[in-house]
Amino acid sequence: MTPELGQFALLLALAVALAQAVLPLWGAQAGDTRWMALARPFAFVGFGLISASFAALVFSFIQVDTSVAYVAANASQELPLGYRITASWGGHEGSLLLWVWVLSAWGALVAARSHGLPPAFAARVQGVLGIVAAGFLAFIAFTSNPFARLLPAPPDGRDLNPLLQDPGMAAHPPLLYMGYVGFAVGFAFAVAALLEDEPDTRWTRWARPWVLAAWSALTGGILLGSFWAYYELGWGGFWFWDAVENAAFMPWLLGTALIHSLAVAEKRPGFLRWSLLLALLAFSLSLLGTFLVRSGVVSSVHAFASDPARGLFILALLAVSVGGSLALYALRVGRLPAAEGYALGSRESLLLLNNLLLATATGTVLLGTLYPLAAEVISGTRLSVGAPYFDTVFPPLMLPLVALLVIGPLARWRLAALDAVKPLLPLAGAALASAAGLALALQGSLWMAAGIATGLWALGGTLALAWRQRAAWRQGLQLWLAHAGVAVFVLGVTLVRSLEQSHDVQLAPGEQARVAGHVLRFEKLEATEGPNYRAAQATLSWHRGGAPVVLQPEKRVYARRQMAMTEAAIARSPWRDVYASLGDADADGRWALRVQVKPFMAWVWIGALLMAAGGFWGVLARSRRPREQSAATSPLVAPTLSTP
């Protein structure tokens, strides 16, 4: 496929999206089934056209067609084939096309699985998705054309950013976008419900599996991004509270609240207002993240360097989407069921507290992310809000939330009765005693003790609940995996942050030093070559009398970009990571080495994997569940809620 065909398919997709944004909505408003019936074909045709356009871009990268400016800036003949493919989303224009392709894939999937939805509702859902797609396709066509020509074509390209020449980049952006963009489906369901003459709770049952799928994908995407940063950037951290990291984390927090709210809204209409608002805000924060990444207003290793004019376009899309949906919510909220009164200690009250804590946590992250930008606009002063702020305000909100993971599932509906929690009180005592003992023995902080106690309580309580309800494991596995994942994650983060050690030494080959109670020996230094880089590879041994741990960090230089990169070496185990990175050599030939010991680092990844696995299991279980609902029920049915 040629770039011209790719651009033509893109323009046709824009025309189809505009038609999808208008005709099905008009048909739903007028009650004309002929126009409503166009919603599903529009979704399929749009997906096909955007797929063709994206395929043309990938083919241009495989061929290294340097007459395409975007290819010339992000590929080269030396670049391995796999990275040529992933380079197609390695810059602003291609990643935005991937963004729209994922949106069109979600729309086509909803269209394929929406036979059970009322025709007017299905038409409204596709119409809203068409509006979002049309806005971003226009943005690509008029400001970010990935097929723009560069004439005369250079003999070779500039190569892909070395940071992105990594297998993690093959999966991280698509998976992250599946979550980011997937919240557009929940947004569309919420707007479609608000456009109904009499909004009711049925949409929550239809929307929940889609929201759960998006949340699971976003969990996996954030995990992969954090894992990539940990081993690729060379500084040993996995979360820096970077503005772009926060941009993905905020929709995840509100999406977590939305999942819990949707689970009860159908039989507790008082949660309907919460569910609608959370669905609107979760996708609004996804759009905000897109603005932060692509506007150039923040400096980040994750951000794309784009001119401010592009940021203004996205800001306009954000204003229209957020402003329009919230205005619609304000107009329609009076027709929604009023909030009910719940007994303190009932499951409803605990779910409400869960939502409030998650929403407050989102607000604190939003404040820390946007305040420096607002301060610079208003006063011209550049401020930095970093990890100390977030590490101070975030744990006090999250630890009570983690403690609720055990109490919530055991609480009674409508009744302020927590009798089922009493058998677990010895577990609470054991968790507190263990945490206090560990903190004292390791001379840890109060926050270390609180984190360990909360994590042990949540993990032990979840396992006890799973054992009690093991006969119904298919229904409970989603909750048990996700809640156990949160507990393991909290334990991992607490122990890593409290116990990690970092040591900087200068060694020449053949020398050794004492590091963290072990002998670190610089065995040798070798020159190696890759397909498009040269490297100095150090071989280190780290031991304390037993078999040594061998580490081989590298210092690479990518010739095409003349960019130096540090490739860390990591020896992993369930209980400890040993992390080594190679710096520069001094005039005496002694190399700077940083060795970090990170206890229980693997638990951070295991916890996040369990959370994602719980979500994906929930989606899979619902897609295979026999249809027990009426014809007005979506084929992807949500679980029934056991209520008195």
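**Reading strands, confidence and salt bridges in a predicted model**

Mentor: Strand β2 (residues 512-515) and strand β3 (residues 518-529) pair in the antiparallel sense over four bridges, where two strands count as paired if DSSP finds at least two bridges between them, and where helices (H or I, at least four residues) and strands (E, at least two) are DSSP runs numbered from the N terminus. This is a predicted model, in which local features need pLDDT of at least 70, side-chain atom pairs count only at pLDDT 80 or more, and totals for chains, interfaces and linings use all residues. Residues are numbered from 1 along each chain as its sequence is written, and side-chain values use heavy atoms, with hydrogens and water left out.

Trainee: Which residue of β3 is the bridge partner of R514, and which residue in the hairpin of β2 and β3 takes a positive phi?

Mentor: The bridge partner of R514 in β3 is V519, while A516 takes the positive phi, near 50°, in a hairpin with two residues between the strands. From β3 the chain passes through a hairpin of three residues into β4, and β3 pairs with β4 (residues 533-543) in the antiparallel sense over 10 bridges, with T528 standing opposite A535 in β4.

Trainee: In what order do the four strands of the open sheet stand?

Mentor: The order is β1-β10-β9-β8, with antiparallel pairing. Because β1 (501-507) and β8 (569-572) stand at the edges with a single partner strand each, one side of each is left without a neighbour in the sheet. On average, neighbouring strands of this sheet are turned by 15° against each other, direction ignored; for such angles, axes are lines fitted to C-alpha atoms, for helices over the stretch in contact, and the angles run from 0 to 180 degrees between N-to-C directions. The partner of β1 is β10 (residues 591-599), to which seven antiparallel bridges connect it, and Q506 stands opposite A592 in β10. Helix α9 (residues 202-232) lies across β8, β9 (576-585) and β10, and runs at about 115° to β8.

Trainee: Where is confidence lowest and where is it highest among the elements of the protein?

Mentor: The predictor's confidence in each residue is pLDDT, on a scale from 0 to 100, and the protein averages 89, with 94% of the residues scoring at least 70. Confidence is lowest in helix α12 (residues 308-332), at a mean of 86, and highest in helix α3 (residues 39-63), at 97. Over residues 626-644, pLDDT stays under 50.

Trainee: How many salt bridges are counted?

Mentor: Side chains of opposite charge can pair when their charged atoms come close. With a salt bridge taken as a side-chain nitrogen of Lys or Arg within 4 Å of a carboxyl oxygen of Asp or Glu, the count comes to 16. One of them joins the side chains of R560 and D156 at 2.8 Å, N to O. R560 lies in the loop between β6 (554-558) and β7 (563-567) and D156 in the loop between α7 and α8, so the pair ties together parts that are 404 residues apart in sequence.

Trainee: Is D156 buried or exposed?

Mentor: Buried means under 20% relative accessible area, exposed over 50%, and partly exposed in between (1.4 Å probe, protein chains only); D156 is buried, with a relative accessible area of 17%, whereas R560 is partly exposed at 37%.

Terms used
Contact = heavy atoms within 4.5 Å.
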